[in-house]
Amino acid sequence: MAGTLEGKVAIVTGSTRGIGKALAVAMGSDGARVVVCGRSSGPDTGEGVGSIEATVADVESVGGEAIGVRCDISREEDAAGVVAQALERWGRIDVLVNNAASLWRQGILNTDPDKWRELLHTNLDGVYYSINAVLPSMIRQGGGAIMSLTSGRSRAVDGKTTAYTVAKTGVETLTANLAEEVREHGIAVNAIDPGPVLTKGVMDNIEEERYAQFYAIDDERVKIVPACLYLASRSADPTRFLTGQVLKASEYPAWVP
């Protein structure tokens, strides 16, 4: 039986581990041809870093088709290269998931200019670069789905993650404005908050005693995978066209039209 993403091509940035890897595997299992991209290539060290090759193998193990592209999404030329390879291989791109991000739990007083630039380049510029590269093909084919992961920290005012908060707020504003720009082309653009997921990035930035406040990606309370599958599969359905929203994965399927 064909999956809901059968025949679609999906790019998932930052898909060597955590949420990105879970999304890549789920989309491959559901019939999508997946472009796995990230900075980590080579053997999986087993230290939570992951690798492009390991995620491709996992997609293939569930019957999916995937290619791996090494890239640093904060570089415009790398983002363009991912799109170019996807188009060369499959001729279209239906889904873009902007997942790649870097977390920094510090306020401005402890954030030097280099760290500020790193956070903004990866978490905001990288989203723009990927979107800018993929839009021409989506417009030509008359539709597509763009999802950018945001965070509850976008609404934080405690001064603990200032650069990260600014970047994620920017992603949400970008989402709302782009959605209006490309609505006429049948392209759905949404931001989605995965909730308190215990990723490697989170573990590297909080005290171990706080781990219990977060959930594993396979916990039934973490709905980021089914939520993204829904957005990827329904974007072309005019009766369920959802765009320009900042959605909480934990509230899926309450926000389904």
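The model described here is a predicted one.

**Overall fold**

The protein chain contains seven helices and seven strands. Along the sequence, these elements follow the pattern β-α-β-α-β-α-β-α-β-α-β-α-α-β. The radius of gyration of the protein chain is 17 Å, close to the 18 Å that the globule rule gives for 257 residues, so the chain is as compact as a globular protein of that length. Its C-alpha trace spans about 50 × 40 × 40 Å along the principal axes.

**The sheet and its helices**

In what order do the seven strands form the open sheet? The order is S3-S2-S1-S4-S5-S6-S7, and the pairing is parallel. Strand S3 (65–70) and strand S7 (246–248) are the edge strands, each of which pairs on one side only. From one strand to the next, the twist averages 20°. As a general principle, strands of a sheet pair through backbone hydrogen bonds, in either a parallel or an antiparallel manner.

Strand S1 (residues 9–13) illustrates this pairing: five bridges join S1 to S2, and the two run parallel.

| Helix | Strands it lies across | Angle |
|---|---|---|
| H1 | S1, S2, S4 (95–98), S5 (144–149) | about 170° to S1 |
| H3 (residues 76–90) | S1, S2, S3 | about 150° to S3 |

**The largest pocket**

The largest pocket holds about 1100 Å³ of space. It is lined by 45 residues, of which Ala-101, Leu-103, Tyr-164, Thr-199 and Gly-201 are the closest to its centre. Which elements each supply at least two residues of this lining? They are helix H1 (18–29), strand S2 (33–38), helix H4 (113–141), helix H5 (162–182) and helix H6 (200–203). By residue class, the lining divides into 16 nonpolar, 18 polar and eleven charged residues.

**A cis peptide bond**

Most peptide bonds are trans. Between Tyr-252 and Pro-253, however, the peptide bond is cis, with omega at about 10°.

Notes:
Residues are numbered from 1 along each chain as its sequence is written. This is a predicted model: local features need pLDDT of at least 70, side-chain atom pairs count only at pLDDT 80 or more; totals for chains, interfaces and linings use all residues. Side-chain values use heavy atoms; hydrogens and water are left out. On a 1 Å grid over the protein atoms alone, a cavity is a set of points where a 1.4 Å probe fits but cannot get out, and a pocket is an open set with protein on both sides within 12 Å along at least five of seven lines; lining residues have an atom within 4 Å of a point. Grid points are joined across faces, edges and corners, and a volume is the space filled by probe spheres set on the points. Helices (H or I, at least four residues) and strands (E, at least two) are DSSP runs, numbered from the N terminus. Ala, Val, Leu, Ile, Met, Phe, Trp, Tyr, Cys and Pro count as nonpolar, Asp, Glu, Lys and Arg as charged, and the others, Gly among them, as polar. Two strands pair if DSSP finds at least two bridges between them. Axes are lines fitted to C-alpha atoms, for helices over the stretch in contact, and angles run from 0 to 180 degrees between N-to-C directions. Contact means heavy atoms within 4.5 Å. The radius of gyration is taken over C-alpha atoms; the globule rule is 2.2 Å times the number of residues to the power 0.38.
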